[in-house]
Amino acid sequence: MQIQEVLSLLKNFNAKEELLQRLVTPEIEALVAKIPKPVGSFGFDAWGYNEDSFKVGIAVFKLLYDHYFRVQVHGLEHIPKNGRVLIVPNHSGQLPMDGVLIGIATATNPKGPRAARAMIERFFPTVPWLGNLLNSWGGVIGDPVNCVKMLEAEEAIIVFPEGVRGSGKLYKDRYKLQRFGNGFMHLAMNQHTPIVPCGVVGCEETMPAIANLAPLAKLLGVPYVPVVPAPFPLPAKVILNFGEPMHFAPVRTEEEVTTRVEQVKTEIQRLINKGLQERTSIY
Amino acid sequence: MAVEKKAAANGAANKKTVLVTGAAGALAKRVIARLHGRYNVVAVDFRRKVETDAGIPSYKVEMEKRGFEDIFLNHKIDAVLHIGRIFAHESSRDRRYNANVLGAKKLFELCKKYGVGQVLIHSTYYVYGASAYNPALLDESHPLKASEVTMDLVDSVELESLANIYLWKHPELHITILRPCNVLGPGVRNSMSLLLSHTFTPVLLGFSPMMQFLHVDDMADALVLAFEQNKPGIYNVAPDDYIPYQRAVEECGCRKFPIPGIPPVVPKLMSSLLNWGAFFPPYLINYFKYPVILDGRLFNETFGWKPKRNLNDIFTYYRKTKLSSS
């Protein structure tokens, strides 16, 4: 009798379903239901974002967000509940953990969750499984056409104007903003999009690099190969500070654009300094 | 009686005469059915003389051959809907180039010579080329990079550039180029439709690009609309609904036949060795790896068009045919 019961239980047991049910809690379901994001009849958008994958992604990284990086976040009220927005943070930590954590912060924002799209490196689509997986979580290759189309669709986008200059910098240069590209400002001006600056503190310490093996990186065709104490992100405490939305009307010359980029940079530096002051311990 | 006959003849004389190429194909057949009655239709195909309804003259003719001009001599053609095309798996590269590119050149010249007032070209989304760097929602002004992907699509790109030259040089031809996404449905014999009709369908391990699908009836509506409203230009024709390839394969009731996606030479080699030319040809492998997603807004807004059938309607046909055959 007992064996039969166990067998019938096992018959109905589906490991994948079970795991999904444990991971994707009703709270996450409720949050994603509130996200103002239109998808097609099978739950996909043009870039491969998929609601179901997104929920699983949030569920997995929310655990890291809460318990591993113990993220402390301020200024979530500055992220508009709907409509186009560019979230512009500093970039650090070799791996794009900062992008992931900002994504979780915006997706679980109690004041209005958003599915923020992160710009990913152009080689990701060539990597089997990983490319599709990142797309399904909302990652999109950083192409200006993609940005314009997504802003037209009133999406939230995370842009790192420092690019690999920021993420690949050495530990000795921590919290020093690298040169910003001007592309994001052109987007903001031409697409009438507010910029929400964000200061990230803590990600520098997740992968403190003492050197970059540039020749090896060149050989492998990757942006950098850092020398780090551990091959995984260390559990540094992360503090995110979102600033007030900044609006910019179009200007004519590139010089004026650069001046405005500097304004954003100054604001991000201020938010970083605020986070550094709030921080009581690194790990 | 005589009066009626005269009236009918008068009616036929007043109606525009439309030449439809590729008349043996599923799309052209539907277009002809929609036009029949309101227009005098002339059907041509290079494959065979198509059986048509009463009152529709039908010809088997190759566009690049001399006999093609006779049709323009025998009928006062007002408009051409150029739907017919030799697919890459149907013929050698040279022959295809002759038919698709030189044939089109001949068509444009004849249209000029015989004062045809409107030409509609049925192109394909393949012209954009599938690349890992493609952004989504490509506009009509996006560079056509198919020839970078494969030599086997050069004829598609050249046909378009030829059409563009005539579009600008001869505005009196009123040329409209339509670039549809994957067209599927009963009777459709393109690679994608053949592929989804299989029980075992090849997929590339780890790659499932986003795709757009259009029902052949919706495409026929779109063609007729573009013809009747006559607004020359280049238009993508695609719905604003998207699905990854491997999901579409499942939804069509196919069993996946996974093959390695990298290094790129492996799937190409497998396709050649297993003789998958008709439905999973080596030159199209990239389209099963990277997305080509079109922005169809321009067409939708210009012509007030919206597809009537959704993805599920499209896939149901393939599911059902598999069920009935098993």
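How many bridges join β1(A) to strand β9 of chain A? I found three, and the two strands run parallel. Before going on, I noted that this is a predicted model.

**Entry: the pair up close.** I looked for the residue facing Val73(A), and it is Leu240(A) in β9(A). For orientation, β9 of chain A covers residues 239-242.

**Entry: the whole sheet.** Next I followed the strands of chain A across the sheet. Seven strands make an open sheet with mixed pairing, and I wrote their order as β1-β9-β6-β2-β5-β3-β4. I then checked the edges, where β1 (72-74) and β4 (140-141) of chain A stand. Each has a single partner strand, so one side of each has no neighbour in the sheet.

**Entry: a helix across the sheet.** I also looked up helix α5 of chain A, residues 97-107. This helix lies across β1, β2, β3, β5, β6 and β9 of chain A. Against β5(A), α5 runs at about 155°.

**Entry: two helices in chain B.** Then I turned to helix α2 (residues 26-35) and helix α8 (residues 216-229) of chain B. Their axes are 9 Å apart, and they pack at an angle of about 55°. An angle between 35 and 65 degrees falls in the oblique class, and therefore α2(B) and α8(B) are oblique to each other. Their crossing is right-handed.

Terms used:
Residues numbered from 1 in each chain as written. Chains lettered and ligands numbered in written order. Predicted model: local features only at pLDDT ≥ 70, side-chain atom pairs only at ≥ 80, totals over all residues. Axes fitted to C-alpha atoms, helices over the stretch in contact; angles between N-to-C directions. Helix = DSSP H or I, 4+ residues; strand = E, 2+ residues; numbered from the N terminus. Parallel < 35°, antiparallel > 145°, perpendicular 65-115°, else oblique. Left-handed = near helix turned anticlockwise from the far one by under 90°. Pairing = 2+ DSSP bridges. Contact = placed C-beta atoms within 7 Å.
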